[in-house]
Amino acid sequence: MAQARGERAMAGWDEDSLTMAVEAARHALADRQTTPGAVYFGSTTHPFADRQNAGVVAGALDLPETVFTTDLGGSLKAGTAALLAALNHVAVQADDEALVVAGEHRRARSASAQELMYGDAAAAFTLGSSGVIAEYLGGHSVSTDFVDHYRAAGQPFDYHWEERWLRDEAFQKWVPAAVAAALKKLDIEAGAVDQFLLAEPAPKLAAAVAKRVGIADAAVTDGLLGSVGHAGAAHAPLLLANALEAAAPGQTLILVSFGQGCDVLVFRTTSAIAQLAPRVAVKACLARRKEITDYAKFQAFNEVVTLEKGLRAEANPQTALSTMYRNRRMLTGLVGGRCRKCGTAQFPPALRCVNPGCHHAGEMDPHRFADEPARIKTWASDWLTYTPEPPAHYGMIEFDCGGRFMADITDWDVGTVAVGEPVRMVFRVRGRDPQRGMIRYFWKAAPLAAKEA
Amino acid sequence: MADGIRDKVAILGMGCSQFGERWDMGAEELMEEAFSEALADAGIETREIGAAWLGSCMDEVNIGKSATPASLTLRLDNIPVTRVENYCATGTEAFRGAVYAVAAGACDIALAIGVEKLKDTGYGGLPGLEIGTLPPLWWPNLSAPGVFAQVASAYMSRYKVPRDVLKRALAEISAKSHANGAKNPKAHLRKPVSCDTIMASPMIAEPLGLFDCCGVSDGSAAAIVTTPEIAKSLGKHPDNMVTVKALQLALSNGSEGGYNDWDGSYILTTRKAAQRSYAEAGIGKPREELSMFEVHDCFSITELVTMEDLGLSADGGAIKDVMDGFYNADGKIPCQIDGGLKCFGHPIGASGIRMVYEMYLQLQGRAGERQLKDPRYGLTHNLGGFPHQNVVGISIVGRYR
């Protein structure tokens with residue numbers, strides 16, 4: 001498609017909207033002292049149609065089980081819907097914080113225009129009433145059954161209608177009207193808008209809307225279509241995260257999502273934004289990207305081709321749900337134990353301490369390993385076992401705080417895994433059970449970017 | 001303090017099936033092949049056997065649960081038969097059951113038989129092991145070469161061994177076993193293989209290539225044991241009698257996989273089991289006193305570190321010993337004189353007993369073309385499970401006097 005330029009982001013075989021949401025949320029929560037009481041997860045590609053996806057996110061973050069969780073979906077507005085729901089949550093419960101995550105793993109048919117235009121990404125925010133870096137001023141929502149594309153329940157791919165119709169009917173008419181209505185409601189001059197963030201489904205629509213409303217050309221931000229691609233319900237939150245990363249205090253930002261209507265959200269940055277500690281956000285993620293030029297790999301990861309996976313892929317991967325439930329904090333939260341007697345940190349949590357000099361029974365405090373620095377102690381690159389991306393890398397991962405376990409090693413190039421390499425733990429798909437539709441998640445060791453070491 | 005098993009039990013007879021891709025046979029026929037040889041060797045009737053132990057690891061793809069397949073197939077005389085399973089130490093475990101029963105006086109004559117029928121699984125390598133409901137939720141999708149390749153990465157890191165130096169030593173190990181196995185009519189693989197071929201073989205799990213991995217075979221082995229006194233009463237001459245000197249088992253308790261002191265370059269349990277075995281057998285200087293040994297060479301790297309774990313090579317010194325030919329057929333302590341798992345493959349339940357079978361033949365001077373000169377002690381070693389979470393079985397057998 002002539003419009004497609006640059007790059008697009010693709011999920012690894014062991015990533016989906018949920019794992020990317022967890023990754024974004026961990027970065028968002030990196031320096032938080034408080035614990036969110038709610039998790040709102042917006043996506044049109046939640047891995048589970050009936051299992052609380054936001055609950056898995058909360059588990060991966062080891063949030064207390066008193067947390068409120070909910071999924072929002074059904075439209076590419078789901079990301080802003082999650083934001084609005086969370087804003088309402090903290091407005092009603094002023095002493096609480098809410099976590100908003102939006103993630104999307106967008107699949108498209110081979111050789112379709114969407115394959116070039118779509119991207120996989122996630123973004124996350126914490127919402128609350130103290131230390132606010134961008135104040136929500138208000139907004140305006142429109143719900144109209146304008147179907148430029150759709151995907152029926154259970155279908156893997158979107159179906160699209162003509163782009164000219166999308167441009168002429170939606171982006172020349174009711175989208176600008178909704179933006180204008182929001183500005184009028186808040187009594188803000190279009191010329192006073194510093195950043196105009198429109199999650200556009202095709203290039204140049206943001207500029208057209210801005211022009212129609214009277215927002216300055218200079219305020220129209222990069223829509224990230226050439227570096228990320230359109231990340232569906234995550235795209236508007238992604239644009240907001242990207243804008244906030246660079247925004248100065250006192251700026252007015254308008255965020256617009258689009259999908260059978262639109263949500264317009266208006267924010268004003270505060271002085272606190274200047275004090276926000278640096279974090280891994282959009283720019284850092286783009287900077288540490290791994291370039292993939294292997295189209296066959298892209299097709300394989302998105303399961304748009306039928307692959308011979310071999311006999312080993314046929315092993316029965318049934319999940320014992322009761323076992324998973326009993327060990328949920330260990331499996332989803334990467335929570336091990338720390339012996340009350342000798343202080344040894346260990347994974348998995350044990351009935352008797354693993355320290356050969358202790359072996360004390362029955363007194364173990366929970367210890368979360370997800371954010372603990374670790375290194376590779378032993379490794380293998382295995383061409384025999386089944387993995388969607390051979391060779392499988394795995395090995396003994398040893399934590400600086402004490403504790404170790406044999407883990408999958410992900411995101412490494414062949415020949416770069418080595419004893420002593422620093423790693424960080426990431427929440428990923430461990431395996432899929434196509435027969436029963438189950439997805440197993442667990443933690444893997446990923447290379448530590450040089451600047452994080 | 002217990003005084004151990006030394007010289008309390010003698011081997012009355014042994015048998016071993018042809019190992020290989022036995023498409024023509026099921027586990028039952030393989031058991032019969034090993035058992036009938038053992039029975040003839042012992043010179044007894046089936047009804048004289050008072051108890052039996054069946055070693056079989058992968059019951060789901062093999063003969064199924066319980067010990068009835070052995071009792072039914074061999075038409076045992078309604079005696080107690082117990083099926084044992086302890087990963088790759090399964091065969092040794094069956095042998096241990098039979099030996100202990102005789103030593104305890106629970107019966108006069110006992111049978112240990114191990115069998116595994118791997119070639120009906122459809123897999124090129126070992127099929128996956130059932131590991132319960134929790135480990136599959138968090139363990140890597142591992143394979144046997146992959147978990148043992150980690151020993152190689154750790155060994156290279158600990159001793160700062162360049163990859164090509166290790167790779168060459170591993171090739172020497174495999175080439176030595178192939179040379180030995182070529183002289184063994186019961187081995188599966190009977191062709192000498194050059195180091196160059198071994199080093200050029202396709203990669204399975206870095207740095208282990210195809211020829212660093214043992215074969216996948218079907219097979220069975222059997223041992224009939226009794227007391228030296230009964231053996232004598234049955235006409236066996238003390239000068240030609242092989243007795244059990246030590247039987248030890250050591251299992252991980254989780255420290256290797258959970259506590260940060262093991263570096264992954266050796267097998268902790270082999271060291272523990274070896275110390276206890278030497279003490280039980282009364283062997284003070286294994287490098288001087290041991291005549292030969294069969295180790296669990298599921299992979300060439302496993303054999304290399306086992307040489308050190310058994311105290312035969314110094315830590316970090318196995319590469320030199322291997323390159324010096326110390327463990328060759330004409331070396332000081334031949335290792336895998338029968339060809340090892342490398343040439344016999346690893347029908348799990350049979351392997352431990354198959355190793356003892358070779359030691360038994362050698363000690364009686366019945367090993368044919370590969371017969372060693374006047375061996376006195378033979379050690380067998382099995383390593384099952386994963387390097388960080390395993391079962392190690394060691395037996396030492398020797399001449400009665």
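In what follows, Ala, Val, Leu, Ile, Met, Phe, Trp, Tyr, Cys and Pro count as nonpolar, Asp, Glu, Lys and Arg count as charged, and the others, Gly among them, count as polar. The model described here is predicted.

The account may begin with the place where the two chains meet. Chain A brings 44 residues to the contact, and chain B brings 40 residues. Between them, an area of about 3,500 Å² is buried, and carbon and sulfur atoms give 60% of this area. On the side of chain A, the residues that lose the most area to chain B are R312(A), R404(A) and M406(A), which together make up 19% of what that side buries.

What kinds of polar link cross this interface? Zero salt bridges are found between chain A and chain B, whereas 19 residue pairs are in polar contact, counting pairs in which both residues have a pLDDT of 80 or more. Several elements of chain A each supply at least two residues to the side that touches chain B: the helices α10 (321–326) and α11 (328–333), and the strands β15 (380–382), β16 (392–399), β17 (404–409) and β19 (438–447). Sorted by class, this side of chain A holds 23 nonpolar, 13 polar and eight charged residues.

In the whole structure, one cavity of 30 Å³ or more is found. The volume of the largest cavity is about 50 Å³. Which residues line it? From chain A come T378(A), M396(A) and M406(A), and from chain B come V147(B), Q150(B), V151(B), W262(B), G264(B), P387(B) and H388(B). Helix α4 (residues 144–159) of chain B gives the largest share of the lining, three residues. The lining of the largest cavity has six nonpolar, four polar and no charged residues.

The second largest pocket holds about 810 Å³ of space. Its lining consists of 30 residues, and those nearest its centre are R26(A), A30(A), A370(A), D371(A) and R424(A). Two or more lining residues come from each of α1 (17–28), β14 (374–376) and β18 (422–433) of chain A. The largest share, three residues, belongs to β18(A). How do the residues of this lining divide by class? There are 14 nonpolar, four polar and 12 charged residues in the lining of the second largest pocket, whereas the lining of the largest cavity has no charged residues.

Conventions. Residues numbered from 1 in each chain as written. Chains lettered and ligands numbered in written order. Predicted model: local features only at pLDDT ≥ 70, side-chain atom pairs only at ≥ 80, totals over all residues. Heavy atoms only, no water. 1 Å grid on protein atoms, 1.4 Å probe; cavity = no way out; pocket = protein on both sides within 12 Å on 5 of 7 lines; lining within 4 Å. Points joined across faces, edges and corners; volume = space filled by probe spheres on them. Helix = DSSP H or I, 4+ residues; strand = E, 2+ residues; numbered from the N terminus. Contact = heavy atoms within 4.5 Å. Buried area = accessible area lost by both parts, 1.4 Å probe. Salt bridge = Lys/Arg side-chain N within 4 Å of Asp/Glu carboxyl O. Polar contact = N/O pair within 3.5 Å; in protein donor to acceptor, adjacent residues only side chain to side chain.
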